[in-house]
Amino acid sequence: MLSRKGRRWGADACVVGFSGGGVGAEFGDPLRERMVVPSLKLQDLIEEIRGAKTQAQEREVIQKECAHIRASFRDGDPVHRHRQLAKLLYVHMLGYPAHFGQMECLKLIASSRFTDKRVGYLGAMLLLDERHDAHLLITNSIKNDLSQGIQPVQGLALCTLSTMGSAEMCRDLAPEVEKLLLQPSPYVRKKAILTAVHMIRKVPELSSVFLPPCAQLLHERHHGILLGTITLITELCERSPAALRHFRKVVPQLVQILRTLVTTGYSTEHSISGVSDPFLQVQILRLLRILGRNHEDSSETMNDLLAQVATNTDTSRNAGNAVLFETVLTIMDIRSAAGLRVLAVNILGRFLLNSDRNIRYVALTSLLRLVQSDHSAVQRHRPTVVECLRETDASLSRRALELSLALVNSSNVRAMMQELQAFLESCPPDLRADCASGILLAAERFAPTKRWHIDTILHVLTTAGTHVQDDAVANLTQLIGGAQELHAYSVRRLYNALAENISQQPLVQVAAWCIGEYGDLLLAGNCEEIEPLQVDEEEVLALLEKVLQSHMSLPATRGYALTALMKLSTRLCGDNKAAILEKMPLVERDGPQADEEAKESKEAAQLSEAAPVPTEPQASQLLDLLDLLDGTSGDVQHPPPLDPSPGGALVHLLDLPCAPPSPAPIPDLKVFEREGVQLNLSFIRPPENPALLLITVTATNFSEGDVTHFICQAAVPKSLQLQLQAPSGNTVPARGGLPITQLFRILNPNKAPLRLKLRLTYNHFHQSVQEIFEVNNLPVESWQ
């Protein structure tokens, strides 16, 4: 009998032997072997781990058991190897490292016992992937098991191959899988079909291997085989144009299968809530959508069936709604009849009235995709869409906002703006910026009158001024400056708004600018469009002084107020610096209407270039700008007059006489294209600051589906400084709709080589896309 101390020594020797030291570990001490504490069974291990009260206790149990498992693997115990690996797989499921069991998986797969193969293949699916070269070592074992003819073993091998098979394994094992597609056993055929789907996704050029058996598999009555075959054909058609042309011949057969499902059904065991096999119906509808896209004959063949499914499907259960939704998507994607498309939009309109929020969200998303192609049909459901703005769910109200903005046109702009402005006053803070930007953009595109346009922008600035984009101030000042007949009206409206609230900084900036420009009209009181307003000079100056002293005023806002005070000195007191502080000329800007206006004035501009430009009487006064500021005498030599240009007086004011000529334009650059989504970069280097580069990122979408939740992020080397401006939106409409623009400001004082790393995230065709890439081919002119 050993003493307690001896037993303790024997247990310690076991640990030392595992770590690589000790006499017993090197020569095999019989005493140590008799005293090794046996490892736990899987059930006991699970109970002990679950019984751990702290994470430290759990780690202690797992570390101790992993030591036993390592020792068992090292000793090469073939009898209990599968039990040890099963425990290791459970440890792996808990998130602990288990990579040391990879080679044991290979040994178990090569075993002749089914119990070993079962655990070995399970371990291979969990522990092996394409990042480890060990996965290639099981190729021969899988090939042998597939050719043995034992169905359970073939099923294990097929499941493993479809889970972790790399491109090399798929190429090597494709002939074996092809043979199993036509085996008598439905069990093996179903798994072989799913493995073929994985192979097509990994290696699209294997389409020719699996193309011939699919026609025969379509005649199967087995639910699993037929569902897998439809999935395989779908993958083939999406990745191979030749397969797409080939399977358009089987459209009548697919139509007949779906008609049988709708009328009689395949089997009652696959019916859900009274809907016959909804999973198979949905899969067939998706395949028909691919086969009928841009193909007249195939679309005509399935039109009657789609109408039958759309009118006869029970919508009292979610399974029926799923089938109906796929039917709507198929109708809208193929070349269906006009009446059928109206029926599809009406179905989505009924979805908007459903009590289930998920169904309403799906309906809003689908209508947003259809608003470009079927605008009039979607317009019929405009009242229901507007009602969805009041949803308490943030995702629903956001999607309803996007759809409402897409429904605005010249005929309903007044009514829709009233609804959207009411929503802006009560919408959640995270939606206020998108709502304000959408209202401003829609007002600019469809404004019936300039006064209405000014009133709309003022309402947005008053309600959500802190949430508008930076260009809102410039847009409104441009609009007011171009509407000479509304100068008195605008300055009075802005003065009243400023007197009521000075916290909305964009509103304060516009008001200060307008008061500085048209302060004389404010005091004249000759505006007939609003109620008479008696304002004296002291009140105006006191209001601007309040803006200057307010702690809420930004530095830019104080700059506007100071400029207004200087200009009022000429408007009210007749200061001798009137030439410096005269009214600002109208500045050209880019916008949705800029291209049309440029086209209309192109011919006139060409004619004006050939004609001599008369010298304006104020040109000499503008050239005295430096003299007036320096206080020098009048006998200073004046610089030569500037050459006239179509840019107007503002160009003369900003260009110094000795300014260098404008640099050559930097060519645009296309940096991304995928499924119709393009990303282009345009560059501007301001002459007054050559170290600054302005990059305008333009995202366009020429596909058939909208791009939503679009986000563009960028990074530059550490020697550069990058500032990202807010984008113009997050949805790029399909078919070349209004693009998204975003401004990047990059400061490069050392003229270092410019590199950009971009990350794009967006949703397209119900799939989340993320692309990370580096742009190294930027024009040299952008940084040198």
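This is a predicted model: local features need pLDDT of at least 70, side-chain atom pairs count only at pLDDT 80 or more; totals for chains, interfaces and linings use all residues.
Reader: Got it. Which residues of H9 are buried, and which exposed ones sit on the face turned away from them?

Author: Here's the general idea: an α-helix has 3.6 residues a turn, so residues three or four places apart point the same way. In H9, residues 139-148, the buried ones are Thr 139, Ser 141, Ile 142, Asp 145 and Leu 146. They are on the same side of H9, because they cover an arc of only 165° around the axis. The face turned away from that buried side carries the exposed Asn 140 and Ser 147.

Reader: What covers the buried residues of H9?

Author: The cover includes helices H7, H8, H10 and H11.

Reader: Now salt bridges. Which residues join Arg 289 in a network of them?

Author: Side chains of opposite charge can pair when their charged atoms come close. In this model, Arg 289 is linked with Arg 286, Arg 293, Glu 326 and Asp 333 in a network of salt bridges. Glu 326 and Arg 289 meet at 3.2 Å, N to O. That pair links distant parts of the chain, with Glu 326 in helix H19 and Arg 289 in helix H17, 37 residues apart.

Reader: And how far apart in sequence are the parts that Asp 333 and Arg 289 tie together?

Author: Their side chains form a salt bridge at 3.6 Å, N to O. Asp 333 lies in H19 and Arg 289 in H17, so this pair ties together parts 44 residues apart in sequence. Arg 289 is buried, at 12% relative accessible area, while Asp 333 counts as partly exposed at 24%.

Terms used:
Residues are numbered from 1 along each chain as its sequence is written. Side-chain values use heavy atoms; hydrogens and water are left out. Buried means under 20% relative accessible area, exposed over 50%, partly exposed in between (1.4 Å probe, protein chains only). Helices (H or I, at least four residues) and strands (E, at least two) are DSSP runs, numbered from the N terminus. The arc is that of the directions from the helix axis to the C-beta atoms. Contact means heavy atoms within 4.5 Å. A salt bridge is a side-chain nitrogen of Lys or Arg within 4 Å of a carboxyl oxygen of Asp or Glu.
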